Amino acid sequence: MIKVNKLDSGIKWNIFNKICSYGVVIIALIFSGFIAINSMIQTSVIDPKNFVGEKILYEKDNLFLNILFILLFVFIALALYNLKDYILKINDRTIMVALFIYTVVVGIIWVLKVQSVPQTDAGYVFSAVQGSIKGDMTPFRELNDAMFKRQSYFHLYSYQLGMVFIEEIICRIGGHETALFLEVVNVVALASAYVALLKIAKKIWNKKGLLFVMAIFLATALQPILFTTFGYGNIISFSAGIWATYFSIKFMHSESKFKWVSLIFSVVFVTISVLAKYNSMIIMLSIVIGLIIFIINKKDWKYFVAIPIFILVPILASNLVVRHYEDKATMDYRDGVSQKLYLCMGLNDSAMAPGWYNGIAKGLFTKYNNQIEPAEKEADENISARMKTFREDPAYAYDFFSKKVLSQWNEPSFESIWVSQVKSHYYGNVEKTSWLDSVYNGDIGKRLYAYFDIHQMIMMLLLVAGLIALLKYKFNPDVISLLTILVGGYLYHLLFEGKSQYILVYYILIVFFASFGAFYLLSKYNVNFVKMIYKLRKKKK
C-alpha cells in the first residue's frame, strides 16, 4: 500500500492544514467525479458542419463499449504489473531522459510536417514580434482588421504584450521569418515540463515504479504534443509554471540554509509564466497558498517575506513590459479588456457552447471607446441579471454550467488537431491524398479522436481514484501547490471565458494525478495476473 511521505521537516497535521488540504481535494473530486462519470456516457465534439465556428455537440457514447475499454486497460495494467521486478530496475534518470527525448523527437517531427502559420490572436502577437524585431511598430499602433476598427490589438489586450516580450526574445535567438522555431521551443518546453513533473513526483511521493507509470501515461497523451504547433504562450507558460512549482516544493523539502535560492528560481519561473500567459496567475496563487500553509505549519515566519514577492514581481514585470512597448511604439494602451468583462462573457450564452467566446468582452470595451469604467458598469448590470436568472431557474443554471464544464473538459482532443487544421501552412495547401489530410479529415483523424476519447475517460477515472487516495493520507503543502492549479482551472473556466483548448495544459496535470491513482490501485489491489489466469484454466480442466 502507498503511504504518502510526510516532509522530513516534521509538519504537523493540524486543523488549518486539514481545512485547506481537504477543501482543495474535495473541490477537485466534485469536478473530476462529474467529468469522469459523464466521460463514460457522452463526448463533446466540434460540429463538423460548423467547424471553424467551434460549435460544440454533445454526443452519446456506447457505455458497454467504454466498459470493455476500461476492462482492457485493467487487463493490460495487471499484465504489466507482473513485470514490476524488471521495471523497478530502470533508473529514474533514464526514465526522465527517455520521456524527454521521445517528446522532443515526436513533437519536432509533427511541427516540421505541419508547418502551421499563426493566425488570429497568435497571429497578431507574432506580427507584433516580427515588427518589433525589424523596428516597424505599425502592428502596435493599428490593426488592418475591420473587427478591431483599425485600432491596435493591444489597446484591447495589453496583457498580451508579455507574450510578445517572451516570443521576441525567442525569435531574436532563433529567427523570426516563420513561427517554426517558436513551435520547436514549444516542443522543448513541453518535454521540459514533463521532466519537472517527474521530479516533483519523486520529491513528494518517492515511490519506485511511479515515475515509470507517469512517463507511460504522459507519453501516451498525444494531445499536448499535437498542440505544440499552436505558436502561442500556453505551453511555454505552463512549463515555466511547473518549474516554478518544482522549485517551491524543493524549498519545502530542503533543510539547507541556502534553500531560499530555490525560492528565487521559483519567482523567476513564475514571472516568466505570467508574462507568457496572464492566466498563469492561477499557478502563482497556487504556489503562494502552498507556501502559506507550509510557513504556518513550520512556524518559520521569516519566509513570509516571500509571499508579497511572489505576488508583486510578476505583476510589476507585466507592467514594465507594457510600459516598454508603450514607449517603443509611442502609444498609451491604458487598461484594456478587464477580467470583469471576461466574467460577463463567461456567464452568457454563445453560439459555440455556454460561456464560450461571444464577443461581449470586446464589444463592451469598444462600445465605450475603450473606456473601462462605463464598460465595467454595464458588465456589472449584466452579471447581476445573469445571476438572478440562475437563481430563479435552477434547471437552466444546471444545464448552462454542466454543458460549459463538459464542453471544455470532456472534449478529449482539446482542439489539439483543430489549432493546425483551421490555419494555413507555410508550404501551402494540404494535399487531399496526404497523411496530414487524413489526420484532418480522414481515417487517421477519426482513429485519433477515438483514442483521445478513451485516454481522457481512463485518465479522469484514475484521477478520481488518485484524489480518493489522497483523502486517506496526511499529505502536505507540496501536493496542495500542484493540485490547486487544477482546482483553479476548474473554477476559473467555470465562470470566465470557456474553450476546450484552454484545458489542454490542465490535462497534463490530470495525467499526473491519474498516474498516482493508477499506482495506488496497483499497489493496494495488486493481483498476480499470471497466477489468476492459471488457476482459472486449472478449474476449467
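Lys202 comes out as partly exposed, because its relative accessibility is 35%, and that value falls between the 20% and 50% cut-offs. Its salt-bridge partner is Asp92, with the closest N and O atoms 3.4 Å apart. Keep in mind that this is a predicted model.

**The Asp92–Lys202 pair**

- Asp92 sits in helix α4 (residues 92-114), while Lys202 belongs to helix α9 (residues 180-204).
- Is Asp92 buried or exposed? Asp92 counts as buried, because its relative accessibility is 14%, and the cut-off for buried is under 20%.

**Other salt bridges**

- How many salt bridges does the structure hold? There are nine.
- Why can such pairs form at all? Side chains of opposite charge can pair when their charged atoms come close.
- Asp380 and Lys340 bring their side chains together in one of these bridges, at 3.2 Å from N to O.
- Asp380 counts as partly exposed because its relative accessibility is 33%. Lys340 is partly exposed too, with a relative accessible area of 30%.
- Glu378 and Lys367 also meet through their side chains in a salt bridge, at 3.0 Å from N to O.
- Glu378, at 23% relative accessibility, counts as partly exposed.
- Glu168, Arg172 and Lys328 are linked in a network of salt bridges.

**How α19 and α23 pack**

- Two packed helices are described by the angle between their axes and the distance between the axes.
- For helix α19 (residues 394-409) and helix α23 (residues 477-495), the angle is about 125° and the axes are 9 Å apart.
- α19 and α23 are therefore oblique to each other, and α19 passes α23 in a right-handed crossing.
- Which residues of α19 meet α23? On the α19 side they are Phe401, Lys404, Val405, Gln408 and Trp409. Their counterparts in α23 are Leu486, Gly489, Tyr490, His493, Leu494 and Leu495.
- Sorted by class, this contact has seven nonpolar, three polar and one charged residues.

How values were computed
Residues are numbered from 1 along each chain as its sequence is written. This is a predicted model: local features need pLDDT of at least 70, side-chain atom pairs count only at pLDDT 80 or more; totals for chains, interfaces and linings use all residues. Side-chain values use heavy atoms; hydrogens and water are left out. Axes are lines fitted to C-alpha atoms, for helices over the stretch in contact, and angles run from 0 to 180 degrees between N-to-C directions. Helices (H or I, at least four residues) and strands (E, at least two) are DSSP runs, numbered from the N terminus. Angles under 35 degrees count as roughly parallel, over 145 as roughly antiparallel, 65 to 115 as roughly perpendicular and the rest as oblique. A crossing is left-handed if the near helix is turned anticlockwise from the far one by less than a right angle, and right-handed if clockwise. Contact means heavy atoms within 4.5 Å. Ala, Val, Leu, Ile, Met, Phe, Trp, Tyr, Cys and Pro count as nonpolar, Asp, Glu, Lys and Arg as charged, and the others, Gly among them, as polar. A salt bridge is a side-chain nitrogen of Lys or Arg within 4 Å of a carboxyl oxygen of Asp or Glu. Buried means under 20% relative accessible area, exposed over 50%, partly exposed in between (1.4 Å probe, protein chains only).
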